Amino acid sequence: MNKLVPPYFAVIFTSTLKDDFPEYHQMAQKMEALVKRQPGFLGMDSARDKKGITISYWDSLEAIDFWKNNSFHLEAKSLGKTKWYKHFSIKICKVIG
C-alpha cells in the first residue's frame, strides 16, 4: 500500500469465524473488489489466521458511511452476523500522524 498522508480514517474490523465456510471466502473476495471502487477508499491491509483483521483506510467519515450503507455490503454484514462470525468488532479511528 502507498504511504498515506494524514489526516485520514481507519476502520478496524476484527473477527473470529464459527467455521471455515467456502462461501465466506467467496463473499470476502467480492467485498474486496467492490470496496476498491468506492469513493474515498484509500487502501486496506488484511490478515487471517484463527482471528481475522482488516483495516481499511478512508478519506472521510462520509465515505465510510457510504460504504457502510452499500446494499451489497449490508447483505454481507447480515450473513456475517447470522452465519459466519462467532465474534466481530468494528472500530473507526482518525489517523492524525
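1. Tyr85 is buried, because its relative accessibility is 13% and the cut-off for buried is under 20%. The model is a predicted one, and the points below should be read with that in mind.

2. Tyr24 and Trp84 form an edge-to-face pair, since their planes stand at 75° with ring centres 5.4 Å apart. Tyr24 sits in helix α1 (residues 22–35) and Trp84 in helix α3 (residues 71–84). Tyr24 and Trp84 are both buried.

3. Over the whole structure, the search gives 7 aromatic pairs. One of them joins Phe13 to Tyr85, edge-to-face, at 5.5 Å centre to centre and 65° between the planes.

4. Now the largest pocket. Its volume is about 940 Å³. The lining has 33 residues, and Phe13, Met31, Thr54, His73 and Tyr85 are the closest to the pocket centre.

5. Which element supplies the largest share of that lining? Helix α1 does, with 8 residues. At least two lining residues come from each of β1, α1, β2 (41–48), β3 (51–58), α2 (61–68), α3 and β4.

6. By class, the lining of the largest pocket counts 19 nonpolar residues, 9 polar and 5 charged.

Conventions: Residues are numbered from 1 along each chain as its sequence is written. This is a predicted model: local features need pLDDT of at least 70, side-chain atom pairs count only at pLDDT 80 or more; totals for chains, interfaces and linings use all residues. Side-chain values use heavy atoms; hydrogens and water are left out. Rings of Phe, Tyr and Trp (its six-membered ring) pair if their centres lie within 6.5 Å; planes under 30 degrees apart count as stacked, over 60 as edge-to-face and the rest as tilted. Buried means under 20% relative accessible area, exposed over 50%, partly exposed in between (1.4 Å probe, protein chains only). Helices (H or I, at least four residues) and strands (E, at least two) are DSSP runs, numbered from the N terminus. On a 1 Å grid over the protein atoms alone, a cavity is a set of points where a 1.4 Å probe fits but cannot get out, and a pocket is an open set with protein on both sides within 12 Å along at least five of seven lines; lining residues have an atom within 4 Å of a point. Grid points are joined across faces, edges and corners, and a volume is the space filled by probe spheres set on the points. Ala, Val, Leu, Ile, Met, Phe, Trp, Tyr, Cys and Pro count as nonpolar, Asp, Glu, Lys and Arg as charged, and the others, Gly among them, as polar.
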